[in-house]
Amino acid sequence: MPVPTLVLLPGLACDERLWQAQLPALPAALATRVTDTHMRHDCIEDMAAAVLRENDGPLLLCGASMGGMIAMEVARQAPDRIAGLALLGTNAQPESPETYQLRADAIELFEQGNLRDVLEPNVAFAFHPKQADDAALVQLYLKIVLDAGAGQLIRQNRALMRRPDQRQHLPNVRCPVLVMCGENDLLTPPPMSREIAALVPGAVLRWVPECGHMLTMEKPRFVNAVLGNWLQQFVMAA
């Protein structure tokens with residue numbers, strides 16, 4: 001069996017910097033790349049289709065937040081191509097009416113050019129209080145999102161607002177699945193990860209202690225250890 005390509009899928013308005021602590025620690029035997037399909041397409045389904053077009057052979061998908069939503073859609077579109085799924089701080093549900101309205105309100109402000117005014121007071125909610133006190137960490141995340149710009153924030157939020165419900169498809173997943181979530185994630189709270197793990201046969205569920213939504217940045221050593229150990233099964237099988 002050929003070694004699968006490991007594709008890392010960033011979250012909303014994020015790029016390869018979301019994975020900067022993981023990239024050096026991932027198994028060298030795996031060809032690894034960070035996709036930016038979320039930056040180039042207007043809906044989750046098209047983002048997922050682009051992942052399939054742009055990466056040959058069997059795929060290992062590791063997605064954080066919105067990236068996890070795209071990964072689940074890739075698995076729905078081409079289950080035979082997927083060797084494994086790692087879903088970090090994500091949600092299989094469609095948009096709730098409450099969050100839909102929050103995004104719609106934010107989009108209106110983004111269209112007025114009020115990026116920093118909207119983002120700066122809210123970025124700390126993505127972190128556990130201990131990491132929210134780390135100014136350098138929070139500022140790095142803010143810079144990543146600001147660098148994406150208003151156009152990307154608008155497009156990607158709109159994609160999330162009309163994302164598909166993946167819960168009906170998850171019981172059909174037959175590849176190994178790792179679900180990870182920060183114990184104190186306020187944006188995709190633990191019940192959402194618990195739901196995913198319950199729906200996927202044989203899924204492994206791991207909680208990241210003293211961690212919010214940004215687990216790859218907040219607790220890189222813990223995430224690297226869990227993810228690295230889980231990925232070894234694919235190296236050994238090749």
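Predicted model: local features only at pLDDT ≥ 70, side-chain atom pairs only at ≥ 80, totals over all residues.
A search of the whole structure finds 2 cavities of 30 Å³ or more, and the largest cavity has a volume of about 40 Å³. The lining of the largest cavity is made up of Ile44, Met69, Met72, Asn91, Ala92, Gln93, Arg163, Pro164 and Gln166, a set that comprises 5 nonpolar, 3 polar and 1 charged residues.

## The largest pocket

The largest pocket has a volume of about 1100 Å³, and of the 42 residues that line it, Leu12, Arg103, Tyr141, Asn157 and Leu187 are the closest to its centre. The lining of this pocket consists of 26 nonpolar, 12 polar and 4 charged residues.

Helices H3 (97–111), H4 (115–119), H6 and H8 (215–218) each supply at least two residues of the lining of the largest pocket, and the largest share, 7 residues, comes from H3.

## The bent helix H6

Helix H6 covers residues 135–161, and whereas a straight helix of 27 residues would span 39 Å at 1.5 Å a residue, H6 spans only 30 Å between its end C-alpha atoms. Along its course, H6 bends by about 95 degrees at glycine 149.

At the start of H6, a side-chain oxygen of aspartate 134 reaches to within 3.2 Å of the backbone nitrogen of alanine 136.

Conventions. Residues numbered from 1 in each chain as written. Heavy atoms only, no water. Helix = DSSP H or I, 4+ residues; strand = E, 2+ residues; numbered from the N terminus. Expected span 1.5 Å × (residues − 1). Bend = angle between axes of the 7 residues up to and from the residue. Polar contact = N/O pair within 3.5 Å; in protein donor to acceptor, adjacent residues only side chain to side chain. 1 Å grid on protein atoms, 1.4 Å probe; cavity = no way out; pocket = protein on both sides within 12 Å on 5 of 7 lines; lining within 4 Å. Points joined across faces, edges and corners; volume = space filled by probe spheres on them. Nonpolar A, V, L, I, M, F, W, Y, C, P; charged D, E, K, R; others polar.
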